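Please look over the structure below before reading on. The points that follow go from the whole chain to one residue.

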Amino acid sequence: MCLRVGAKRFAIGHTDAVCGLLAYLTDPSASAADGLVEAVSGASHLMRHRGPDEPGTWADDTSAPSVVLGFNRLSIIDIAHSHQPLRWGPPEAPDRYVLVFNGEIYNYLELREELAASHGAQFATDGDGEAIVAAYHHWGPAALNRLRGMFAFTLWDTVAQELFCARDPFGIKPLFMATGSGGTVLGSEKKSLLALAEVAGLDLGIDERAVQHYTVLQYVPEPETLHRGVRRLESGSYVRIRPGEAPVVTRYFTPRFAPIPFVAGEEQARYDEITAVLEDSVAKHMRADVTVGAFLSGGIDSTAIAALAMRHNPRLITFTTGFEREGFSEVDVAVASAEAIGARHVAKVVSQAEFVAALPEIVWYLDEPVADPALIPLFFIAREARKHVKVVLSGEGADELFGGYTIYREPLSLKAFDYVPRPLRRGLGKASRPLPEGMRGKSLLHRGSLTLEERYYGNARSFSDDQLRATLRRFRQEWTHTDVTGPLYEASAGWDPVARMQHVDLFTWLRGDILVKADKMTMANSLELRVPFLDPEVFAVASRLPFEQKITRATTKYALRRALEPVVPAHVLNRPKLGFPVPIRHWLRAGELLDWSYAMVAASQAGDLVDVATVRRMLDEHRSGVSDHSRRLWTVLIFMLWHAIFVEGSVTPDIKEPHYPVQL
């Protein structure tokens, strides 16, 4: 640890690629809080798993601080020198800025070179942190659109007395924010903000609308959290905060799909453009001073990333996971893919007992409930991977950018309804209601009677309105998915239907589910996950693809598959999407998970929000085989566990201190 002494400066510890940050800006009108530095240090310790290499705290004044920064280091780049909080400034004010940040800037070498050549910027380290600060000093918020990477950072300007905080375009890295009577707090994990609730005067009441949104969507949509007083800085946004003033949030990145038709004879050039931009992105994502591996499911996305990474590291290690139950394991498929590209492979098989035992720990790491069972195997494979590497690449984002979800083909199957007058379409929808559930054509008639805005709001819906009304004590008809999707559809008016669905998913499913579980489950194991598909340059190419190059009646991600023909083994190119299948439906009928579920329902104190009797009845019906309630049950059970941990305090996960070497 280090101690820096000087006018209005105080520090304990240092770091480079901070993977857990905390910032507290006090309100000048509030009474000075005693022991504020110690309080921030203790709150920061709750996310020590994000950076076990070096924890620390910095304040501008130890006796009466106005800003305190907490941080936890997971060192990846320039391990020996790029410590944080990073002090940087121009020659006339060399210590003007103080930075802590979570993530990586992959084009930092190019940015440093440009800043030195065009502005005479000088750097004392070889890391990426100084590139952020120097870029902000010379270009202001416009610098954010020039950063290729994943990031959430806070930058204290000692001259302007302003805290500038930003988050990457797609929301790969999280940033929670809360303002109370004592000031404003920002952090990588909500649990650290909750620990400062008393000193900051935060409102920790439950947001009942957010609870309903979670139950509908299976995740809490940004910027909401389940605590009224805590929000999230949205992806692609920055916020300016001055002492005593309300935070001012500005969006700097808005994804837009603007298709450019393919010209006859130039198709291959467009496919080559996709290949080239992916090669460049993977090359930059491989920049690290530690060992890099890759997750491998056996599908096209992860196999492409691993195959491209092999060009930079022929000794690449790939990782996958599965379950003991037949039909719920990708291990054999992933092994075949690893062999095809020549990678060394490590697999982890998860038992039902391990799965159940880890649930409290996993939900504690999540901060917010996410009812996606696939995050549990991700937690286990991240733990296994951390024994071998410090960084992994993964294929998240390919489906949203290139049109990979099967439901994106729905506009093709419903095309005939476009020629049916609106009143008649509505009539067909009404005619479908009396038809028996499961009858051929019922769903087609119903969905064909709806507009895209009415029928599509992401990849998850398991509760009907009647089921929601029976399950949620505070159900409100007006709290619906259009709260979330309405503005998104307004922004995409006139786009083709697939582009509109992709746009919705970028703001909902991707950042609410996929990237949350990717960040939380890997960081829980002090492992950094990088996603080369979610790169601004890759998005720029993908956003220009026309409708027919994304989906056809036979396949999805058509252009991407063509582009990857030289990269991915032929037997993988058209393999159906698998994900991480989890046998929840089976395990909720017998075994440890069923026993755990009954115990959770019996002990839950969330009865003011959830009708416990309804949940117990659903569990009985599912166990007996009367109905398949597995998705609905999992959504409510994860909420009950979250409530037991973060509201009741009746469940205390056994969180072990991470102990990893500084470098592998």
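**Notes on the model**

1. Buried residues account for 61% of the 664 residues in the protein. Keep in mind that this is a predicted model.

2. The secondary structure consists of 27 helices and 19 strands. The radius of gyration is 25 Å, close to the 26 Å that the globule rule gives for 664 residues, so the protein is as compact as a globular protein of that length. Along the principal axes, its C-alpha atoms fill a box of roughly 75 × 65 × 50 Å.

3. The charged side chains number 72 positive and 81 negative. The centres of these two sets are 5 Å apart.

4. Is Glu537 buried, partly exposed or exposed? Its relative accessible area is 39%, so Glu537 is partly exposed, since that class falls between the 20% limit for buried and the 50% limit for exposed.

5. Which residues does Glu537 touch, once its neighbours within four places in sequence are left aside? Glu537 is in contact with Arg148 and Val277. Val277 is 260 residues away from Glu537 along the chain, yet their C-alpha atoms are separated by 6.8 Å.

Key:
Residues numbered from 1 in each chain as written. Predicted model: local features only at pLDDT ≥ 70, side-chain atom pairs only at ≥ 80, totals over all residues. Heavy atoms only, no water. Helix = DSSP H or I, 4+ residues; strand = E, 2+ residues; numbered from the N terminus. Rg over C-alpha atoms; globule rule 2.2 N^0.38 Å. Buried < 20%, exposed > 50% of the residue type's maximum accessible area, 1.4 Å probe, protein only. Lys, Arg positive; Asp, Glu negative; His and termini not counted. Charge placed at Lys NZ, Arg CZ, Asp CG, Glu CD. Contact = heavy atoms within 4.5 Å.
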